[in-house]
Amino acid sequence: MFESLSDKLQSVFDTLGRRGRLTEADVDKALREVRLALLEADVNFKVVKEFVARVRERAIGADVLRSLTPAQQVIKIVNEELIATLGESARLDLSGPPPNVIMLVGLQGSGKTTMAAKLANRLRSSGQRPLLVAADTYRPAAVTQLEVLGRQIDIPVHSEGVTPPPPEIVGRGLRRAREEARTIVILDTAGRLTIDPQMMAELVAIKALAKPREILLVADAMTGQEAVRVAQDFHQQVGLTGLVLTKIDGDARGGAAISMRAVTGVPIKFLGTSEKIDGIEVFHPDRLSSRILGMGDMLTMIEKAEAVMDQEETARMEKKLRAASFDLDDFLKQTRQIKKMGSISSLLEMIPGIGQAAKSLDPVAVDKQMRRLEAIISSMTMQERRSPNLLNGSRKRRVAAGSGTSVQEVNALLSQFRQMQRTMKQLQSGRRGGGGLGKLFGL
Amino acid sequence: MRTQGLGFARGRRYNSPRTPRGLAPGGHLLFSPCCLEDVLVLSRFRRATVATEDQEKLDQSLEKTRRGVLGRIGALFQGNEIEDDLWEGLEEALIMGDVGVETSLKLVEATRTRVRTQGVKRVSDAYQILKEEMVRILRGDAPPFDLDNRHRLLNIGLIVGVNGSGKTTSIGKLAHYYRRQGRRVTIAAGDTFRAAAIDQLKIWGQRAGVSVIAHAPGADPGAVVYDAIRASQESRDADILLIDTAGRLHTNFNLMKEMEKIRNVAQRQVHKAPHEVLLVLDATTGQNAITQAQKFGASVSVSGVILTKLDSTAKGGVVLAIADQLGVPVRFVGTGEKITDLAEFDPWVFVDALLDANA
Ligand SMILES: Nc1nc2c(ncn2[C@@H]2O[C@H](COP(=O)(O)OP(=O)(O)OP(=O)(O)O)[C@@H](O)[C@H]2O)c(=O)[nH]1
Ligand SMILES: [Mg+2]
């Protein structure tokens with residue numbers, strides 16, 4: 001797996017030593033790593049170039065904040081710029097007279113049909129009355145696929161088989177929506193290449209007829225350098241109002257999101273997070289930024305965690321984190337809290353330093369690992385948990401014996417803990433106004 | 001404007017002196033670095049006898065990719081003198097084609113070194129060297145393709161990949177491809193999960209004129225495969241069995257285990273099966289394809305790649321990184337949504353398409 005950018009930057013600056021101000025040489029060396037990380041994350045080459053130039057301008061001569069190392073300072077700037085590039089999350093515009101039409105477009109296999117059903121389901125739970133329209137008459141069984149999904153979630157699907165031209169199907173679908181007083185119509189269109197003029201003309205025809213409020217480009221999070229061209233072409237030819245990034249539950253960094261956003265200026269609205277019908281999330285720029293930089297997806301975890309968390313405890317932890325006094329005892333408490341939340345591997349994957357790789361771990365093994373971790377910390381005295389630096393060789397041997405583990409395992413835990421502390425600090429300082437990131441460990 | 005003055009126009013390469021090697025049984029090419037021209041002649045010949053229109057289709061679609069970004073590499077080589085920005089531009093163009101930083105740098109380095117040590121002066125010669133380096137990586141040293149052994153009672157191919165990469169479509173095309181070679185093909189509907197996946201596969205089965213063995217949606221894919229193998233063996237109605245599987249992300253532990261189970265079922269029933277495990281990769285995919293190949297490889301020993309959607313503007317350059325870093329070769333390319341839109345992979349044609357100056 002990729003080494004995280006923060007680790008790489010750390011080692012760049014380790015060789016440079018600590019300084020009060022970022023020099024040009026420092027910055028260029030660091031930006032080389034940033035550039036590599038972004039390219040490895042599939043951000044488009046040209047977009048990377050512009051991005052790095054912006055970061056460079058901001059970074060050179062910037063004062064390194066007292067509390068930060070130079071590496072952290074660079075990360076902070078990169079993270080802020082990334083978040084700015086990714087833009088705010090935007091809601092669907094459903095302000096027209098009903099029915100509001102949402103049209104999904106994209107390349108073959110990007111996940112439009114699944115996303116159509118997810119959106120319908122989600123909108124229904126917010127009080128809407130959606131109708132799905134099966135306008136993909138090309139891919140074998142695409143119509144059946146949407147029908148099956150519609151049945152599963154009990155939302156009506158307007159379909160006419162595969163013979164009528166898609167614009168006609170859409171036209172009749174709209175009429176039906178009005179008759180049935182549907183408030184939303186979601187159009188599932190066939191996947192197509194933007195270099196296929198006939199197929200693109202069909203989209204334009206559907207658009208003219210259905211006057212969609214939203215035209216969402218559904219794109220695969222694994223898309224490479226071509227993302228720029230694809231987004232640009234769809235935007236030019238049909239006019240997009242939003243982007244949807246699917247299959248984000250894989251371990252692709254999702255740099256394509258930056259590329260597409262940068263060239264179209266259109267906001268990212270949703271993420272597809274699993275094959276299940278509820279696998280849809282609102283887009284958060286800060287989370288995607290951390291992911292692209294390889295810093296985990298802490299916030300999603302926090303959100304999940306908050307549902308089962310004791311509010312008071314959360315507030316206490318937040319305070320501790322801010323004061324940078326988060327210790328192993330807190331870590332232990334949180335580990336126990338995590339266990340309350342069920343699927344450990346799905347939570348683990350969001351922790352920086354453990355990363356997406358966690359999902360591919362054997363859940364049984366992960367559980368075992370968690371138990372060891374618990375055993376190790378439990379074998380420490382309260383003092384040791386508060387200041388892990390107390391743990392010298394003989395104390396470590398004692399802890400290892402007491403927990404039925406080895407000194408290596410104790411060491412591994414300690415270094416992992418330190419790395420987490422570092423990441424916490426970076427993330428915390430990488431945000432303006434500290435909005436909510438203090439909660440990072442409030443689980 | 002298209003310049004053909006570089007000496008790399010199609011056909012020229014047939015003339016360069018290279019040592020012939022040979023063909024593996026079944027007409028498959030033994031990949032070795034110095035039989036390029038024979039390989040090319042023979043593979044083209046073979047394709048021509050098998051599916052002329054496939055080749056035409058590939059040429060057509062690759063023609064489109066030639067106009068793309070990587071086409072600029074060719075443009076870079078049109079100058080007369082080798083200068084430093086040539087290398088930089090080359091690196092950039094390779095990265096823009098999804099070849100990835102590591103493999104791009106490696107390619108540029110290898111080309112540079114050869115240019116230096118061989119005292120190459122002309123840009124056009126450097127161009128040829130780059131192509132050779134790319135082809136060398138693409139051919140690797142994988143064993144010959146092994147899905148159509150005529151001496152084997154039943155050849156089994158397991159088709160895997162992430163969601164939406166083109167598995168089911170590729171199976172339809174492959175079934176058609178082998179049928180046209182007079183083979184008897186059966187398909188196993190191993191995707192019992194995705195809505196209407198079985199219906200989709202059955203339509204492809206009809207189009208190709210082959211039978212599809214399926215259970216009900218939600219059934220155990222292992223059981224489907226077991227039945228499909230039994231049915232193929234008993235009826236003697238198939239000598240090639242293609243197994244469709246549900247799309248899955250390699251990050252999902254349980255689904256990867258399920259796929260291993262499917263593989264194990266085949267392994268237990270037929271000696272050395274599956275004979276090919278083909279990872280279906282969308283050419284639009286970026287660097288994550290490397291991780292996909294790694295993880296699917298670790299799970300079910302992927303033996304080759306089917307690169308789909310090459311009719312798009314994407315270059316599929318990441319297969320260079322996969323061949324380079326993992327040694328997994330590309331076997332087929334998908335060039336459209338029709339049943340005939342499949343061609344055997346030819347590294348020269350592929351590289352040509354990436355580099356040809358037509359920007
Ligand atoms: N343009 C183009 N489209 C292709 C090609 N191969 C497949 N497709 C399209 O890509 C989409 C997905 O193909 P499928 O064969 O359903 O992919 P899959 O991997 O079986 O998908 P799941 O089973 O859902 O994971 C369909 O719309 C296909 O028509 C190709 O070579 N070129
Ligand atoms: Mg399929």
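Chain A of this predicted model holds 19 helices and 8 strands. The chain has 443 residues, and 49% of them count as buried.

The contact draws 36 residues from chain A and 37 residues from chain B. On the chain B side, the elements that give two or more residues are α3 (84-96), α7 (197-208) and α10 (288-300). The top contributor is α7(B), with 4 residues. What is the make-up, by class, of the side of chain B that touches chain A? The table gives the counts.

| Class, side of chain B that touches chain A | Count |
|---|---|
| Nonpolar | 12 residues |
| Polar | 17 residues |

Next comes confidence. The model as a whole scores ipTM 0.78 and pTM 0.76. For chain B the average pLDDT is 80, and 76% of the residues score at least 70. Where in chain B is the pLDDT below 50? One stretch is residues 1-52 of chain B, where the pLDDT is below 50. Beyond near neighbours in sequence, residues 1-52 have 65 contacts in the model. Another is residues 61-71 of chain B, again with pLDDT below 50. That stretch has 33 contacts in the model beyond near neighbours in sequence.

Conventions: Residues numbered from 1 in each chain as written. Chains lettered and ligands numbered in written order. Predicted model: local features only at pLDDT ≥ 70, side-chain atom pairs only at ≥ 80, totals over all residues. pLDDT = per-residue confidence, 0-100. Contact = placed C-beta atoms within 7 Å. Nonpolar A, V, L, I, M, F, W, Y, C, P; charged D, E, K, R; others polar. Buried ≥ 20, exposed ≤ 12 C-beta atoms within 10 Å, placed from the backbone.
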